[in-house]
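User: I would like to learn how to read side-chain features in a model. Please take me through them one at a time.

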Amino acid sequence: SVPAPLRAALAEEAGRLARNLAAPQAGLSWMLRAQELVPEPGRARQALELAWLAGDEVAELLVAGHRSEDIDLLAVSCHLARGRYREALRWGRLASERLGLVLPEEVLPAQLRSDVEALLERLDGRTPASLAGLPQRPAEALDRLLSGLARAAFHLDPELYSWLQLRIVDRSLELGQGPGSAQAWTWLGVLLASELGELGLGQEFGRLGLELAYDASPGERGHVLFTYGWHLAHWRSPIRDSVALLDEATRACVDAGELQLASFSHAASALTSFAVGEPLDEVLKRCKQALSFTRAALPAHDRTEPAVDVLLVLRQVVLALQGRTRGPAELDDHRFRLAEFYSRASLNRTSSALVEALRMLLYVHADQMEQALGRARIIDRSVLPATVLGAELQLYTALAYAAGGELEALGVEVEVIRLRAHASPGNFRHALSLV
């Protein structure tokens, strides 16, 4: 006897409540019931969102024949929320076609360097301080797409991520500061430091991003703090300040609900504390805290496994340095087997480079220079641009080349270390003196 519109409204409300209680499958059932009783476009959209959040294949059926710019962007957002980055990138490419954005299939390092140089020319001498006064503007569909694509590429494709951040900088220059501008300016600073060796200018753009971040969304603020603390702060401030910045970034990401990025920031804090020489017991404590956070904060299907893998190796390296593993350069102990780790690890390019860098540092400490050189040759250092750990890796690589008598390779490393020491003598002059 209850009228259909009222039953539909009640079912819709039940669907929304289930969504808010992180039960998207139950929410989907209620929303489909509401749509069956009284079809409405708004309910169809909510059902589609719940289907993607639930990982339900019914989403593909619901969207068939009804794709639009809004639906494509919704798909990107939902897949990002569940950590399905490849699916987010796939839907983002579909959305880019509607919005006139031509995404490259591959971004080559030479192209990226050329794009940074071209952007520097377009700035025509304008200082980061002067760019802080660009007008603010509301978000447009293309802004939402670029931000979503960048979040997906951050986990999958470092070069595409950089390309997307440069597009956001272009829009900021042309139209004014918008969503994502703070992180884009900060990442431009990273690219200037890593691609062109403009360490001081890169740091200034990082400071611009920090300034803008305090008026940005909480999630973007956390991302900027992470980027600045991990890549840029050490060019002007004592390295230990980076650890405090990364801890602040972790808190900001947690407050914003950006738990996956918080797990990265937590891991970066532990890695940086190791690189700057904090007592090993303190590093081990940070490592265990970061592992506990990632495992507790994120369900298994959303967990940032590469961060967990890096933290596990960092824990074992610290234990090895304390003499608590099976040998001075061995990671194996009663609960960890390196062979089993590699057979199941979900390493991406960045986490793989971090793992191999940690192993290389351990080989140098154990005076096993041949093994250290073997690791040094396979590490993709391009994914560790301007980081403290990257600088530490460079120092240890130079020491390994010196021990092996590879003077030509040593000379290349020394010139980069010299550049670092000139930009930030308090942090890196000792490294130059040592090599």
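Analyst: Start with burial. Buried means under 20% relative accessible area, exposed over 50%, and partly exposed in between, with a 1.4 Å probe and protein chains only. F205 has 1% relative accessibility, so F205 counts as buried. A caution on sources: this is a predicted model, where local features need pLDDT of at least 70, side-chain atom pairs count only at pLDDT 80 or more, and totals for chains, interfaces and linings use all residues. Residues are numbered from 1 along each chain as its sequence is written, and side-chain values use heavy atoms, with hydrogens and water left out.

User: How many aromatic pairs are there by the ring rule?

Analyst: Rings of Phe, Tyr and Trp (its six-membered ring) pair if their centres lie within 6.5 Å; planes under 30 degrees apart count as stacked, over 60 as edge-to-face and the rest as tilted. The count here is eight aromatic pairs. One of them is W185 with F205, stacked at 5.8 Å centre to centre and 15 degrees between the planes. W185 sits in helix 11 (residues 181-195) and F205 in helix 12 (residues 199-213), so the pair ties together parts 20 residues apart in sequence. Helices are DSSP runs (H or I, at least four residues), numbered from the N terminus. W185 is buried too, at 0% relative accessible area.

User: Why is the pair of W235 and F428 tilted?

Analyst: The planes of W235 and F428 stand at 45 degrees, with ring centres 5.3 Å apart, so the pair is tilted. W235 is in the loop between helix 13 (218-232) and helix 14 (239-255), and F428 is in helix 23 (residues 425-434), so this pair links parts 193 residues apart in sequence. Both W235 and F428 are buried.

User: Which residues form one aromatic cluster?

Analyst: F154, Y161, W187, F226 and F264.

User: How do I read a buried charge, such as E392?

Analyst: Look for a partner. A salt bridge is a side-chain nitrogen of Lys or Arg within 4 Å of a carboxyl oxygen of Asp or Glu. E392, in helix 21 (residues 388-403), is buried yet has no salt bridge. The nearest side chain of opposite charge, R420, is 9.5 Å away. Lys and Arg count as positive and Asp and Glu as negative; His and the chain ends are not counted.

User: Where is R137 found?

Analyst: R137 is in the loop between helix 8 (128-131) and helix 9 (141-156). At 15% relative accessibility, R137 is buried. The R137 side chain reaches the backbone oxygen of G176 at 2.9 Å.

Terms used: Helix = DSSP H or I, 4+ residues; strand = E, 2+ residues; numbered from the N terminus. Polar contact = N/O pair within 3.5 Å; in protein donor to acceptor, adjacent residues only side chain to side chain.
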